[in-house]
Amino acid sequence: MNSAIKFIVGLYLARRTICALAGRQVVSRYAGTLFRGAWEIIHPAVTILVFWFVFSVAFKAKGPEGTPYIVYFVTGILPWMFFAEGINGGTQGVIAHSFLVKKMVFRSELLPFVYITAGSLNHGLLLILASVVIFFNGGQFSWYWLQIVYYFFTLCALMLGLQWLLSAMTVFQRDLGQGVTMVLNLWFWATPVVWVADGVVPPQYHWLLLANPVHYVIEGYRGSLLYQQSIWRHWQQGLYVWGLALVLAVVGAMVFRRLKPHFGDVL
Amino acid sequence: MKAIDLTSDLAISVRDVSKNYKLYPSHKERLKEALHPFRKRYHEEFSALSGISFDIRRGQNVGILGRNGAGKSTLLQLIAGVLTPTSGTIFVAGKVSALLELGSGFNPDLTGRENVKLTNTILGVPEKEMAERIAAVEAFADIGVFFDQPMKIYSSGMFARVAFANAIHVNPDVLIVDEILGVGDAKFQEKCYNKIKSLRDEGVCILFVSHSTDVIQRNCELALLLEAGKMVKYGPADAVVAAYHDLLYGSRQTGKQRQVDSQMENVEVVQKNGNIELESELREFLEGSSELLYRRFHYYNPYERRLGNSDAEIVDFLVAANGKFQFNILTGHEILTIYLKVRFDRGVEVPRIGWAIVSPEGIVIAGSNTVMQNSSLPSGQAGETWVYAVEIKPNLCGGQYFLNAGVGECKEEDWVLFDVRRSLIHLSVIDSGRASGFIEVPSDCVVVRGPETIMPIDNRGRL
């Protein structure tokens, strides 16, 4: 407990380091390109357009209860992209920052925060874009929208533990990075992001949706942005997801702490 | 203001530190072991450092010497906090700035400016001071427009400039410099060493790794010698450098065998000095003993390089300084006599015997041979063995030198090499303090004209 408090204080003191590294993360990804930071939006926007075109125009997919498909889809894909990119990037975090881990006194346990910060910048911009899409399709602002802050932090909490766990283990077993990409791909299709769950999922598989913490977050985004649903509606699931996030964070932190002294020897 | 008492005066304290590297068949076993609930062992131990203890006070510069693989870099990485010791404790007072190899913490895709900014942010430099700090680094590195180019296009010298400039401008309490300045040009090196001196005067403790003992002697008052992961010597730089040279050149074999051998050698030497008169070596040499005499002497360099077609061979040799065969460190003014025993495997009409004195960097300081000197040696026949004596009075300055010796033939302008043994003999010359460079050249300076007196001068400008 004591070390957790110490860690949080350290986190506050290192906030500029985290921001600088997150900024570098964004800048260096597009270094040397003409559109620079614009790619940060263009890239996901095109992905969203392609999915929307294939499912809405070609497959004639419909949103639930008269919700336009594009609105349904965008509110699901944004938190998913944030999650998937954070996990994918974060898994490689320690390896990608070996130039710091090996050569400087650097607190590598901060790296998940770097990836989360870098991702949330992009996430915020896309959310603004999404709200434009919602307005165009007849949606309106409501105070329920602010609930996505809660869902956003739920997602961050889930990512934190997972990133600690995966980034530390990948240093020793690089195959893990490949595995993570694959699992995320399966996870994506197992979560109702592009497809609509209502009436599609057979009852014997319902537990799969309930057990999926990302599903809880995505439904939360949709409930807040589209349907004026309160957080309390799924409070049992909320408890479960936060419990899971806590367990992941503790396990992740323990594994990271055990493996960290060996980073310098392996990288 | 910093109070100067004994405890706060301590910059680095290393206590009984060991670093073992665990050698695993693959990374997978390392992961398994680190996470194994019952701590099963999957590794073999390799001890990179063991039982290292020393203290360094503020404002002391310490050079770290040792052969490749002795554990120098590991020690620096431990002090920098990048590696964790297996056992023991390391105390470092204040901020460490480490230049570990090239490009400490730099990302080659970012520009020099971006990298400097990033590392300073990580080290916790406040936003207010950032612009000032970066400007200072830019000015010191002095690489012009390249400061705003990605570091991957830098030359190694530019890289070193930015890395060093950055390291000294973070206001470190301890500065670690691992063999980095060697890539800078002479002017920049000079600038760095001046900066290092001024940092030391400000109370910064500087740790140096360099293979140039000269650099260590000039910049450090203390030095530490590592050998095979153990601290062999820690003390005044000059003494440690001498020990390092012994380690490098004074031994014939490496590892365990050397220790055993050197003990036996000592016994032998004592017996010789006690019972037999000094010139016995020469008699033994001339009479032809069954063993090779040169192997007995520490001046023989087992890492000599040999070339030639072996039509004749230097089978054995002896060196005498002022007629003495047992010598250690020279004053540089002795008369050196090199006795060479040469066996001819074919008839040679005009044999040629040559010698050279070279520096450890390979610069030939002096050299000659019998053909150049027009002293014709009698011809040798196949199967004959001749002994030649080459006499040199080199007047060497303090330092480390090697002697080459060779036998060849001069045949109608054609130079044939039979057996050239390069860096055959290692000589340590003590620094007299009277001259610098390689060779002590007689020189003098007198007053020609003072403010009051006019001295008589002859027409050639001499007194």
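Which side chains meet in a salt bridge, N to O? In this predicted model, select Glu127(B) and Arg16(A): their side chains form that salt bridge, at 3.6 Å from N to O. The count of salt bridges between chain B and chain A is one. Two residue pairs are in polar contact between these chains, both at pLDDT 80 or more.

Next, colour the elements of chain B that give two or more residues to the side touching chain A: strand 1 (10-23), helix 1 (27-35), helix 2 (72-80), helix 3 (112-122) and helix 4 (127-141). Helix 1 of chain B supplies the largest share of this side, with six residues. By class, the side of chain B that touches chain A consists of 17 nonpolar, eleven polar and seven charged residues.

Now display the whole interface. Here 35 residues of chain B are in contact with 26 residues of chain A. The buried area between the two chains is about 2700 Å², and carbon and sulfur atoms give 63% of it. In chain B, select Arg30(B), Leu31(B) and Ile122(B), which lose the most area to chain A and together account for 21% of what that side buries.

Finally, turn to helix 2 of chain A, residues 15-29. This helix has 15 residues and reaches 21 Å from its first C-alpha to its last, close to the 21 Å expected at 1.5 Å a residue. Select its buried residues: Thr17(A), Ile18(A), Leu21(A), Ala22(A), Arg24(A), Gln25(A) and Val26(A). The buried residues of helix 2 of chain A pack against helix 1 (2-13), helix 3 (39-58), helix 6 (98-101) and helix 7 (111-136) of chain A, together with helix 3 of chain B.

Terms used. Residues numbered from 1 in each chain as written. Chains lettered and ligands numbered in written order. Predicted model: local features only at pLDDT ≥ 70, side-chain atom pairs only at ≥ 80, totals over all residues. Heavy atoms only, no water. Contact = heavy atoms within 4.5 Å. Buried area = accessible area lost by both parts, 1.4 Å probe. Salt bridge = Lys/Arg side-chain N within 4 Å of Asp/Glu carboxyl O. Polar contact = N/O pair within 3.5 Å; in protein donor to acceptor, adjacent residues only side chain to side chain. Helix = DSSP H or I, 4+ residues; strand = E, 2+ residues; numbered from the N terminus. Nonpolar A, V, L, I, M, F, W, Y, C, P; charged D, E, K, R; others polar. Expected span 1.5 Å × (residues − 1). Buried < 20%, exposed > 50% of the residue type's maximum accessible area, 1.4 Å probe, protein only.
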